[in-house]
Amino acid sequence: MREPLDKALPLPVLQERRERVFLIFSGIFLGMMTMLNILGITRFVHVGPLILAVGVLPYPLTFLCTDFISEFYGRRRANTVVLVGLGLNFLVLGFLWAGNTLPATAYKTDLQRIVEVGQETVYADPATRKRPMLDPRTGLPLKRVVVSDQDGGSRVVEAVIMVEILDPATGQAVIDPKTGKTVKEIVDAETGSPVARESELFTRIFLSTQAAIFASMVAYLMAQLCDVWIFHFWKRLTRGKHLWLRSNGSTLISQLVDTTAVVLITFWSAVAAGELSLASVGGMIRDGYLFKLVVALLDTIPFYIGVRFLSGYLRIDPGTENEGNGLHS
């Protein structure tokens, strides 16, 4: 229930309320920023007809948080949170770089180890590569193992087996200290050559996120500062009226800036190398922005509800410019 704005409260109680709410919105904002940058483009998913990077999913929530901060605490505090978020991105990137640069230990847990065996579907018609040959037992396409050669070619392995890995110094089987069992690898049954490729989970995360984090940092700074500026522009222009206009107007424009910038920066090198078409890049921008647009419009409902409740709870009139720290008595 909304508390009346004119109801007097002791200053310590009012200050505690305002700082707690500010901390909640700032914490959600900074947490979402860190999570989406690490997730980045590690996976693309279908959301209805749209194809989106996983990192896009929490992004609209960051704009809702900055809208609340702008509404109740002013442009200066909103910009401060945005800049802190930028610094946090640098911190995350720095720790990722340090983790990748420092020498790794030989020991890896099962969760840290990624073992790959290349597979290729065997098709019934090699010319058209249509209608894969199915395994009568499972109904799934039959597969064969394809292994890269040292000269850059490839060869097909018809059968693979698991063998124990031997310690070159002792000739004894290597024991996994976690399970107490011997460590095995996948080899060609005919030649005994390894056919599995092993990599670290951290390396995968680092390689897939470093470019995305840099792109996100640039796009993030442009979009969030744009969001805060447009929000207060509409608030001044409408003299504190039309809450939906400053909320949606600022978010929709700033998210277009963000989506366009982050996709172009992340994938421009692939476009220049001919690995990705401009049409594909345009599709990423379109799908990402449509998702953010729909969520931003839906955000209008919780924004209205939140402003109505918090204006009484914090004793702040949302129709005025609340610059400073929001601790007016």
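Colleague: At what angle do α1 and α5 pack, and how far apart are their axes?

Modeller: The angle is about 145°, and the axes of α1 and α5 lie 9 Å apart. Axes here are lines fitted to C-alpha atoms, for helices over the stretch in contact, and angles run from 0 to 180 degrees between N-to-C directions. Helices (H or I, at least four residues) and strands (E, at least two) are DSSP runs, numbered from the N terminus. Bear in mind that this is a predicted model, where local features need pLDDT of at least 70 and side-chain atom pairs count only at pLDDT 80 or more, while totals for chains, interfaces and linings use all residues. Residues are numbered from 1 along each chain as its sequence is written, and side-chain values use heavy atoms, with hydrogens and water left out.

Colleague: Which residues make that contact between α1 and α5?

Modeller: From α1, L14, R17, R18, R20, V21 and F25; from α5, L310, Y313 and L314. Contact means heavy atoms within 4.5 Å.

Colleague: What about α2 and α5, how do their axes cross?

Modeller: Helix α2, residues 59-101, crosses α5 at roughly 30°, and the axes come within 9 Å. Among the residues that meet are F68 and F72 in α2 and F291 and F303 in α5. By class, that contact has 13 nonpolar, two polar and four charged residues. Ala, Val, Leu, Ile, Met, Phe, Trp, Tyr, Cys and Pro count as nonpolar, Asp, Glu, Lys and Arg as charged, and the others, Gly among them, as polar.

Colleague: Back to α1. How many residues does it have, and what follows it?

Modeller: α1 has 29 residues and reaches 42 Å from its first C-alpha to its last, close to the 42 Å expected at 1.5 Å a residue. That expected span is 1.5 Å times one less than the number of residues. After α1 comes G40, with a positive phi near 45°.

Colleague: New topic. How much space lies in the largest cavity?

Modeller: About 340 Å³. A cavity is a set of points on a 1 Å grid over the protein atoms alone where a 1.4 Å probe fits but cannot get out, and lining residues have an atom within 4 Å of a point. Points are joined across faces, edges and corners, and the volume is the space filled by probe spheres set on them.

Note on methods
On a 1 Å grid over the protein atoms alone, a cavity is a set of points where a 1.4 Å probe fits but cannot get out, and a pocket is an open set with protein on both sides within 12 Å along at least five of seven lines; lining residues have an atom within 4 Å of a point.
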